[in-house]
Amino acid sequence: MDRINIIVPHFTGVTTAIVAFCFVCVIFPHLVKNKTQFYAGFAAVLLVILLHSLALMLYNSAGFQVFAGAATCLLQIMAIITLFLSAGGITLEQLGGDMSRAFEVIRRGEEGKTVIIPISDDMPNKREKPGVSPPRNDDEPAEHCIDLPEGAGWQRKPGSPPGDAGVPLE
């Protein structure tokens, strides 16, 4: 009988990190925002440990070794995603939407055009006819006068006289 060597990685370090995160969530329960997702991730970790122990017991069965290795990887992925969702308080649809938007931004670049706002005291002047520029004195501040009609602005309180502009002190 020919012996076939099958190497199946079990990623025990990944399982260790996931179990450590579960213990952190038990110690600090305020980190878990969705308990159902947390328990699903916890169950996936327990299944990973069960499959690993069964693979150790049935080490002569090459088919089960391959199945246990593949199922372990898939369960670890499921545990990571559900624990991530439970700590973030989001659903799988929201995560998918965020990931697709992030993929589009990575693929195309920035989401929107960059708007450059000049940092100065005055707004830029409207375009004048070519060759004609109004005289300007930057040393003196410009004086602005705002003429508003009588009824403009905030409405007065009922019963207050129209000419009373003072602030009541009592």
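At roughly what angle do the axes of helix H2 and helix H3 cross? In this predicted model, helix H2 covers residues 35-57 and helix H3 covers residues 62-88. Their axes come within 8 Å and cross at roughly 160°. An angle over 145 degrees counts as roughly antiparallel, and H2 and H3 are therefore roughly antiparallel to each other. The crossing of H2 and H3 is left-handed. The residues of the contact of H2 with H3 comprise 18 nonpolar and seven polar ones, with no charged residue among them.

The next topic is the aromatic rings. A pair of aromatic rings is described by the distance of the centres and the angle of the planes. With ring centres required to lie within 6.5 Å, the count comes to two aromatic pairs.

One of these pairs is formed by phenylalanine 38 and tyrosine 39. The ring centres of phenylalanine 38 and tyrosine 39 are 5.7 Å apart and the planes stand at 65°, so the pair is edge-to-face. Phenylalanine 38 has a relative accessible area of 8% and is buried, whereas tyrosine 39, at 52% relative accessibility, counts as exposed.

Phenylalanine 64 and phenylalanine 67 also form a pair. Their ring centres are 5.9 Å apart and their planes are at 45°, so this pair is tilted. Both phenylalanine 64 and phenylalanine 67 lie in helix H3, three residues apart, which is about one turn of the helix. Buried means under 20% relative accessible area, so phenylalanine 64, at 19%, counts as buried. Phenylalanine 67, at 48% relative accessibility, counts as partly exposed.

Definitions and conventions
Residues are numbered from 1 along each chain as its sequence is written. This is a predicted model: local features need pLDDT of at least 70, side-chain atom pairs count only at pLDDT 80 or more; totals for chains, interfaces and linings use all residues. Side-chain values use heavy atoms; hydrogens and water are left out. Axes are lines fitted to C-alpha atoms, for helices over the stretch in contact, and angles run from 0 to 180 degrees between N-to-C directions. Helices (H or I, at least four residues) and strands (E, at least two) are DSSP runs, numbered from the N terminus. Angles under 35 degrees count as roughly parallel, over 145 as roughly antiparallel, 65 to 115 as roughly perpendicular and the rest as oblique. A crossing is left-handed if the near helix is turned anticlockwise from the far one by less than a right angle, and right-handed if clockwise. Ala, Val, Leu, Ile, Met, Phe, Trp, Tyr, Cys and Pro count as nonpolar, Asp, Glu, Lys and Arg as charged, and the others, Gly among them, as polar. Rings of Phe, Tyr and Trp (its six-membered ring) pair if their centres lie within 6.5 Å; planes under 30 degrees apart count as stacked, over 60 as edge-to-face and the rest as tilted. Buried means under 20% relative accessible area, exposed over 50%, partly exposed in between (1.4 Å probe, protein chains only).
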